Amino acid sequence: MSTQVSGAASRRRGLTLTDVLVTVVVSLVLGVVYHLWASVSSVAGLLFVQSDELVYGMWFAASTLAFLLIRKPGVALVAEIAAAHLEIAFGSAYGIQLLLYSVVQGLAAELVFAAFRYRKANAFVAGLAGIAAAAASLLADIYYGYVTEYATWLLVYKYSLRAIGSFVIAGYLMYGLAKLLEKAGVTQSLRPVDRKEYDALDG
């Protein structure tokens, strides 16, 4: 019996063709959103100083949504990179830089899910993954010299807003979307397990 259980668990842990296809679809959809989100960010930036940082978390959403749907190692990183590729295909002004951002942001989110051994797929953990991705984006910003002239207070203020927005958007918003998709039956083909196992993962 234990051998059968471990074998089933092993099959669930490995990525299937369906997992890859769903990850790609999620990435394609959010890649389009990423491309259009610059306009949303510009409007949000009119509210107050650095207010656009509150919506920056949408650019981390592919990694968290993909994991919340599939709940397997690697999908957060793959989804973020794939979404960045589509954004580049749309002619993003940042070009190849987006690949570096997607790698470090996807890895950061992946590390959070790994820290929970890929067994926690709730809004709070997804929010932490969003914060981790925001921290990774700071490292990339430093690497490219985008924040070298920022005063310390402004640096802290800017990335605090980014972290808050990322926690909400990449975490709770994407969790809510994943739940809607689950109710629509989308996740049944991805995770054909019983309700008790869903509840255990969400606990």
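Visitor: Which side chains meet glutamate 53 and lysine 158 in a salt bridge, and how do I read that contact?

Guide: A salt bridge here is a side-chain nitrogen of Lys or Arg within 4 Å of a carboxyl oxygen of Asp or Glu. In this case the side chains of glutamate 53 and lysine 158 pair up at 2.6 Å, N to O. They sit 105 residues apart, glutamate 53 in the loop between α2 (17–44) and α3 (61–70), lysine 158 in helix α7 (residues 152–183). Helices are DSSP runs (H or I, at least four residues), numbered from the N terminus.

Before we go on, bear in mind that this is a predicted model, where local features need pLDDT of at least 70 and side-chain atom pairs count only at pLDDT 80 or more, while totals for chains, interfaces and linings use all residues. Residues are numbered from 1 along each chain as its sequence is written, and side-chain values use heavy atoms, with hydrogens and water left out.

Visitor: Are glutamate 53 and lysine 158 buried or exposed?

Guide: Buried means under 20% relative accessible area, exposed over 50%, and partly exposed in between (1.4 Å probe, protein chains only). Both glutamate 53 and lysine 158 are buried; for glutamate 53 the relative accessibility is 2%.

Visitor: What does arginine 162 meet in a salt bridge?

Guide: Glutamate 53 again, at 2.6 Å, N to O. Arginine 162 lies in helix α7 and glutamate 53 in the loop between α2 and α3, so this pair ties together parts 109 residues apart in sequence. Arginine 162 also meets aspartate 141 in a salt bridge, at 3.2 Å, N to O. That pair links helix α7 to helix α6 (residues 123–143), 21 residues apart. Arginine 162 and aspartate 141 are both buried. Through shared partners, salt bridges join Glu53, Asp141, Lys158 and Arg162 into one network. The structure holds five salt bridges.

Visitor: Now helices. Which residues are buried in α4?

Guide: The general idea: an α-helix has 3.6 residues a turn, so residues three or four places apart point the same way. In α4, the buried ones are Val75, Ala76, Ala79, Glu80, Ala83, Ala84, Leu86 and Glu87. They cover an arc of only 165 degrees around the axis (taken from the directions from the helix axis to the C-beta atoms), which puts them on the same side of α4.

Visitor: What do the buried residues of α4 pack against?

Guide: They pack against α2, α3 and α5 (97–115), with contact meaning heavy atoms within 4.5 Å.

Visitor: And what comes just after α4?

Guide: Glycine 91, which takes a positive phi of about 90 degrees.

Notes:
Helix = DSSP H or I, 4+ residues; strand = E, 2+ residues; numbered from the N terminus.
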